[in-house]
Each structure stands twice: as structure tokens, then as C-alpha cells.
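Welcome! Have a look at the structure below, and then we will walk through a few of its parts together.

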Amino acid sequence: MRRTTYIQAINEALREEMQRDENVFLIGEDIGHYGGLFRVTRNLLDEFGDRRVLDTPISEQAFMGMALGAATVGMRPVVELMYMDFTLVAADQIFNQIAKYRYMTGGLLKVPVVIRGQQGGGKHYGSQHSQSVDSLYAHFPGIRVVAPATPYDAKGLLKTAIRDDNPVAFLEHKMLYFTRGEAPPPDEEYLIPLGKADVKRVGTDVTIATFSYCLHQALEAAETLADQHGFSCEVVDLRTVEPLDTDTVWESVAKTGRLLAVHESYANCGVGAELVARAYEEAPYLLKAPARRLGMAPVSIPVSRVLEAEVLPWKEEIVATVLDMERR
Amino acid sequence: MKLADNATRSGTAEDLAIQSNSEAAEESGGLATPASITTDILPSDSATDLEVPALPTESLLEMYRKALAIRLMEEALLAAAEEGQIGGAMHTAIGHEANAVGAAYALQQGDYVTCTYRGHHHGLAWGMDPGRAIAEVMGRSDGFAKGKGGSMHFVSPESGMMGANGIVAAQVPHAAGLALASQLRGEDRVAITFFGDGALFQGVMHETFNIAAKWKLPLIFYCENNRYSEMTPIWRTSSIEDIFLFPRAYGMATMQIDGNDVEIVHAAVSRAAERARSGSGPTFIEGITYRLAGHMAGDLETYRPPEEVEKQKAYEPLVVLRSKLLKRGVGETAIAGIDREVDDMIDEAVAFAEKSPWPDAAETYRDVFVDSAASNA
């Protein structure tokens, strides 16, 4: 298999789906002529023209609402939010409208909108450009939430998301854009179903359930824990937060007896809290030690790299938490 | 540029009452009328006045039936709300009927409409069945959305009714998206979106004005200006009271019309639709109208004197339509006959809704997601 970047994988998924289905169009800020702030949509305007790649004014509420309208009559808009933080600017259209529209209309309409863009910290963008919104999206019924960690997963999941008849929040991570990984060449099509977790590292002592950039932090932590402490971590990449594949997690915990959930959105009321709660509700007998979660500390994200590193639940914190769990 | 010299100006509640317009007043037998038509199309557009052709009497009779059905359904719903059969917030459109009926008759099969939570009249004007509409408001299983949407979410895609909305102005970009779909596919469908004067001050409205005008979307913005954003008159909320001035700032063609006269509404929407279909872009229509009932069922209406409402009753859509029919030689007896028929039809609709079963509890959990197993395969 060839190696490619996360950005390239997403670009290819968009391109292939636009070629496959003329109802797919892209809409967002600076995505056409500029090719996207992070160059994710580069070259697509040249190939598909300005009727398939629409540069908008800075009007997140309007173009999000327009995506809904177009989707109800069979178009498949892929909306780029330049930063997923801008979810909050378009919140009424996303949570009050797109997520609820099918339900409020008694199933008469469907809204196949993909909302994609990058989230997360690590690049010192501060409080309004570094948030992770996976837990926020997951709180609302009616919208799928996907957060891939590798180029292979990003491509296969985005293609599925575009074909899905439901709204999907497709959450990329700014730290992943230039990472590389294996993926089949463009002429070998593959799709990855939503709601299927993937075990990225096999282990026996503790299950780390995570997704997006934290997956890589967890894999590094697992390396350190194996080398320096002799602990064997199994790392489960959830890949999608809604649907949440608890079966795969419980299967792993059945082996390890320990569960640590890790993500970059706030720990408070987050996906990890949800996963831990479900573990106690659905499979408490599997747990040999208290299940734990790690997430963003309850502060706004500071710019200073020293302060930012303090609030991100990355490798050092994962290692420390696993060691603490093993002591119990 | 000709501005409405007698459009509603601010000050006191008395000032807010619609001024009498001599010509129209004469026509309607000395009744108080709203502003005369002012068609202010942008300088780039040569039209300065809206021609209002007389519609065939047959069409006026149909429109009268429709407007009356809306009125009687709204009254039946208010009565049902008083009896405790309807919960939540319900906003009736009594007095607004001509805006919806005139517009619906001006558009074609295949066109799209979205509207505000004051949307019962649009639903019926676009052909929704009153029985199923009332059932929806009552939360019964025969409602269009199986009782899940209720009064604020009328929807009927088969009629082009793509959804009313509970959030002020949220439906406006939806219509722009429908217009965009039509434009991208090279179809000649247009979309119309209805909202009130209060919606003018939501940010998303202005975002959509800008995009629609710049992209020349086949879209009609129709503002039903009833002079109150819920309970507050515009002179308390904005220093610009001529609403059509806002969209004009975005480079859009605008019209200010009498929204209580179906023929005028029909002519204005026809003209806007023609512009939209020919690729000339969106038009903003401000229909001056008046809400005769409260903002919602149970409104105390402390914000306007009863005399103001009484005054408006002299020039409301049904009065205007009846006087048109009489002038066309349709007799009082014929009109009374229609009144009885429509009354019976609404009685039957209410009975149908009241007999409609409550939804099954299992229905609660359906329609959250589309079962997309197939699309994932």
C-alpha cells in the first residue's frame, strides 16, 4: 500500500464522491479559489467548477441552513467549517434544525449534510480555535459523529459519511493533517462503516478507548508503559462517537478488566464520562478496577504553549493515569 | 422612487392604526385600508409600478374558500386550545390569510415554501388537509408529522411545503438552500419564505439577504408585516421602520404592498417569481397586514388597545375578498352558501382530528435517524 497524508486522504474522498454523485457539492469559506485554509479542498474548484465548490461570505448560520434546505430535496452538501469551533456560531442551524429536522417532520424529510472541519489543540490557537466539539455533538440525538485518526480511516469514513442519509459531523484534527499512513490508491475503493471501533494495539492489562489525535498520544503512552513499566495496553480507536461501538470496548475490557477513556473535548459531561457510565450500567462485572476518563481540563484553552500543554490530556497524563489505575 | 407615504409610522398605538387611503377606501366602501401599493424595484430594474390584473371571479371564489377555511380552522383551533385540547405554543394567522393564499395561487407545482411558526395559513394555502393539520396540532397520529411537529412545524413535501419553524428566521436560509438546489440543478423552481417583521432583526436573515442577492438565488422573501414582533411594536425595536429598506441595502429588489388583498399579493408574488425564474435573483416583498388575534393562544394583548383591533377588522382579508365578490356580482346568498360549506368542512376536519388516535408510544423513538444500513453497505 502507498503512504499518504491525512489531508490528501480527505481530499481524495471528497473528489471521488463528487465524481460518483453529482448531488454532492462543497460549501464553505475560502474552500474554492484558495483551496481551504488548510488546503483540504485544493484543486477541487478547478476540477468541478464553482457550481460544485461554493465559496461563501463569512455567514456560518446562513450557509449551514442552506445546506439543510438543499439536502431536503436530495442534494448532498458537504459543509466546511474553517474551525469546528464555529459550530457554536451556527449552533441553531446545526442542533435545532439539522439534527432535529427528520424527527420534527415525522420522517417525511431527510437531511444528508456532512459538516466537516478541523478541531483540537496543539497549535496554540487559543480559546476559540482549539476546542474539541465531539462531546457537544454527541449530546444531541439525530446527528452522527465521526472523528478519524489515520488517513486510511479518514478516507473510508468520509466516503461513507457523504453517502449516509443522516447528518454527520466529520471531525478532523489540526495535528493530524500532515501525518502519514497507509491507504489504498484512489482506484481501489473502500468504505468503512460508521459505528465500528478498531483495535489499533493489542494488549492485556488495560483498555484505552480513544479517538482522533488522542489515539496517537495513547499509542505513544502505551509504548512508554510497555518499555518502562511492563504494562500491556490495548488501544481501541472508537473512530465514531455516534454510534458508539461499546461492543468492541466491552470485548477488550473482558480481557483487560480495566478501562480508560481519553479524548480532547472536556472531561466534564464528555464522551469518556458516557463510556464509563455505560460500562458500569452494561458490563460492571468486567471491571477489576474503577473505570476512568481523561479529557480537557475545565478551562478555556490558553495560547501559551506551556499553558496549553497543561490542559491537553496527552501522553504524560495518560501514562500517569494508567499507572495510577494499575496501583489500585 | 416612490415611498409609501401612508405606510405605518411610529409613535403611539393610535398612530400605528392603519391610515385610511382615499382611493382604496372608496373602493371598499369607506373602509380603512393599509398602505397603497408601492413597488420600489431597484434602479437596475425598470419596473416602478406593479400592475394588478383582475383575477377571474372563479379564482377569487377559490381563494375565498381557502381564506375562509384558514380563518375557520384557526378559530376552531383557538376554541380547542381553550378547552385544553392543545398544549404548548400555538400562533394563529387570523388576519394574515391573503398573504398566504395570494402567494400560493401565484406559484407553481414544484415550487418550495418555508415559513415561520405562524404557518397554519401557508400550510392550508399550499394544499394541506385541514383534518390532518388539526390532528397534527393536537398531537394525534393522523397529523402530518404523526404528532411530533405540532403547530410550529407544518410540513408536507408533496405540496412543496418544506417546513415551518419554531425559531424566528431559521427557515429563511432553508428556503435559500432550496433555491440553491434548484439553481445548481438548472431547474426553474423558485422558493418562497414567509416571516414576520420581528424576523428582520435576526442575524441569519441578513446573512441570507446577502448571499441570496449575490448569488441571484430564485428566492422570494415575503415579510408579513403585522406591526408587532410578538408583543412589541417595531418603533420600540428599530430606528428604521420601513422594513424594505434593509434588503435594499443588500442590493435586492423590494416591494411594499397591501398584504390584505389577494389580488395585489398574487400580482406581487407573480412578478417576483418571474424575476426569480428568469435569473434576475431574489425579491423582497413586504406585505402590510394585521394580526387580529393574539400572538399566541392565551396572549393577554396588553400591548394594543381593543379599538385598534376593531378598526383593522374593517379592512381584513375576508372583508376585502367579500367586497370584491359582491362587486363582481356574486350574490350574498351564494357567498352565504360557500360560508356554510366551508364551515361544515372545518367541523368535519375537527371531528376527524378529535377521533384520530394518539400515537403509539413506540413512535417516540422512530425518525431520529434514517436507517441507513443500506447506504453503508
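## A tour of two chains

Strand β2 (residues 24-28) of chain A runs parallel to β3(A), and three bridges join the pair. Two strands count as paired if DSSP finds at least two bridges between them. The strands (E, at least two residues) and helices (H or I, at least four) are DSSP runs, numbered from the N terminus. Within this pair, A:G28 stands opposite A:D55 in β3(A).

Before going on, note that this is a predicted model, in which local features need pLDDT of at least 70, side-chain atom pairs count only at pLDDT 80 or more, and totals for chains, interfaces and linings use all residues. Residues are numbered from 1 along each chain as its sequence is written, while chains are lettered from A and ligands numbered from 1 in the order in which they are written.

Which strands make up the open sheet of chain A? Its seven strands follow the order β3-β2-β4-β5-β7-β6-β12, with mixed pairing. At the edges are β3 (53-55) and β12 (240-242) of chain A, each pairing on one side only. On average, neighbouring strands of this sheet are turned by 20 degrees against each other, direction ignored.

Strand β7 (residues 168-173) of chain A holds A:L171. Is A:L171 buried or exposed? A:L171 is buried, because 27 other C-beta atoms lie within 10 Å. The cut-offs are 20 or more such atoms for buried, 12 or fewer for exposed, and partly exposed in between, with C-beta atoms placed from the backbone. Leaving out residues up to four places away in sequence, A:L171 touches several residues, including A:M84, A:Q119 and A:S212. Contact here means C-beta atoms, placed from the backbone, within 7 Å.

Chain A also has a helix pair: α3 (residues 60-71) and α4 (residues 91-98) pack at an angle of about 25 degrees, with their axes 8 Å apart. Axes are lines fitted to C-alpha atoms, for helices over the stretch in contact, and angles run from 0 to 180 degrees between N-to-C directions. The two helices α3(A) and α4(A) are therefore roughly parallel, a term for angles under 35 degrees. Among the residues that meet are A:M64 and A:L68 in α3(A), and A:I94 and A:I98 in α4(A).

Now to chain B, which has 14 helices and eight strands. Of its 377 residues, 55% count as buried. In strand β1 (residues 112-116) of chain B, five of five residues are buried.

Buried residues in α13(B) include B:V342 and B:I346, and what covers the buried residues includes α3 (57-82) and α6 (130-137) of chain B.

Finally, how many residues does each chain bring to the contact between them? Chain B gives 35 residues and chain A gives 38 residues. On the side of chain B, the largest share, nine residues, comes from α7(B).

Terms used
Two residues are in contact if their C-beta atoms, placed from the backbone, lie within 7 Å. Angles under 35 degrees count as roughly parallel, over 145 as roughly antiparallel, 65 to 115 as roughly perpendicular and the rest as oblique.
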